[in-house]
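Here's a quick briefing to read alongside the model. Have the viewer open and follow along.

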Amino acid sequence: LATLAYEIPFEPPGHGLNLVITAYKSEVRWIPMLLMGSLGVLAAAIVWSLWQLRRHMQRRQAAEQALSSEHAFRKAMEDSLNTGMRARDLKGRITYVNPAFCRMVGWSAEELVGLLPPMPYWAPEALERTLAVHEMVLGGHAPPQGIEIRLMRKSGERFDALLIEAPLIDSEGRHIGWMGSMVDVTEQKNAQELARQQQERLQATARLVTMGEMASTLAHELNQPLMALSNFAAAAQALAQGGPPELLVQSLQDVRAQAQRASEIVRRIRGMVRQGSGLAERFSACELVDTVLGWLKPEVTARRVRIARALPAGLPLVLADRVLAEQLLLNLVLNALQALEGQASERRRIELGARVEGGRLVFTVADHGPGVAAEHAEQLFAPFFTTKAEGLGLGLKICRSIAEAHGGALSWHPREGGGAVFEFSLPLAP
């Protein structure tokens, strides 16, 4: 290996003096190198640890921020609830109440947390029942639909609350107490009580209305037999002054029959108001039409109206209250007679018919009058609506009620060529 050397002469001041520099190879010092390397590695490890610590701190800060936000959200949600929340341990000691619970009872959270029964918000007059509810909850027998109890505010005011209890389970699945929610139902109960009182008043009013309708109905329906009674009595009086005895007897019999009919009308209408059709009888369509036309014969003759009957042979019998059915048909025929006032003689005609349809017998009463005005069509069956100067507006309403009491209906439609057609149905006899 070549020796590294260098010589420098100190001339002229040196007088032959030379400086010789020679380089020698020294031994490798491992320990300082290892120390330097260790310092470098340690420095790198420190830098890496600081970087990891910074990342960990960032993640921890983010987690703490998320936890704080979640807690704030849940706290805001609990504070905004109108439902009172209360937590208790297994011994019944209060461990938590939310602001709604405090507002409901009037005590602060500091005054309530840590208390054992009896609680200050328990009403003294309901103490025994409230304590029984408390024991039932701690025993795990609280009904899932909740329990209604009477409680007391700090001011002494009583209120009704609906209490719903559920087991309080921690994160490890252990039962550590009970969580209850409480809702003030005082206003709801007051509203229900007010609604009940209003319903009772409405029912009382409905009964009064029913009595009024019944009185109006009786006034309307009894008018016809009373008029007949008056006519027959006048005839009997005239016959008693010198007429044949047999005619007098017949007139008195007619008076008696009309009086019985008036009494029967009262009884049947009372039965209909009580939501029943009365006494069901079997009779034919011809019998019904013959009876009604027999009563109206003087009226039909006086008004010079022709009656056309279209009753097919072999029609089945009907099963209905005969007196009410007679009143129904009688009212419709009377309306048809009144509709023909002022009409030409060729139009003074009423057509009576019947047909079987859908297991019922449908009767029709058609007149050749002016018909029903368009502005009156929708109110035709409304109570107390009438176009007659002296009418009560109950005739068609009563007719519809009688038909509906038998499970049928009453309707009308314009007649082709002028006039109106009214139809009602009665059930067939089995």
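α8 passes α9 in a left-handed crossing, meaning that the near helix is turned anticlockwise from the far one by less than a right angle. Bear in mind that this is a predicted model, where local features need pLDDT of at least 70, side-chain atom pairs count only at pLDDT 80 or more, and totals for chains, interfaces and linings use all residues. Residues are numbered from 1 along each chain as its sequence is written, and side-chain values use heavy atoms, with hydrogens and water left out.

**The α8/α9 pair**
- The axes of α8 (residues 322–339) and α9 (residues 395–405) come within 9 Å and cross at roughly 145°; axes are lines fitted to C-alpha atoms over the stretch in contact, with angles running from 0 to 180 degrees between N-to-C directions.
- On the α8 side, Leu 324, Gln 327, Leu 328, Asn 331, Leu 332 and Asn 335 meet Gly 395, Leu 396, Cys 399, Ile 402 and Ala 403 of α9, where contact means heavy atoms within 4.5 Å.
- Sorted by class, that contact has seven nonpolar, four polar and no charged residues (Ala, Val, Leu, Ile, Met, Phe, Trp, Tyr, Cys and Pro count as nonpolar, Asp, Glu, Lys and Arg as charged, the others, Gly among them, as polar).

**The cavity**
- There's one cavity of 30 Å³ or more (on a 1 Å grid over the protein atoms alone, a set of points where a 1.4 Å probe fits but cannot get out; lining residues have an atom within 4 Å of a point).
- The largest cavity has a volume of about 90 Å³, volume being the space filled by probe spheres set on the grid points, which are joined across faces, edges and corners.
- Its lining takes 13 residues, with Arg 86, Trp 122, Thr 130, Ile 149 and Leu 163 nearest the centre.
- α4 gives the largest share of that lining, four residues.
- By class, the lining splits into eight nonpolar, two polar and three charged residues.

**Leu 361**
- Leu 361 sits in strand β12 (residues 360–367).
- Leu 361 counts as buried because its relative accessibility is 0% (buried means under 20% relative accessible area, with a 1.4 Å probe and protein chains only).
- Pro 316 is 45 residues away along the chain, yet its C-alpha is 8.0 Å from that of Leu 361.

**Whole chain**
- The chain has nine helices and 14 strands, taken as DSSP runs (H or I, at least four residues, for helices; E, at least two, for strands) numbered from the N terminus.
- Buried residues make up 32% of the 430 residues.

Notes. 1 Å grid on protein atoms, 1.4 Å probe; cavity = no way out; pocket = protein on both sides within 12 Å on 5 of 7 lines; lining within 4 Å. Buried < 20%, exposed > 50% of the residue type's maximum accessible area, 1.4 Å probe, protein only.
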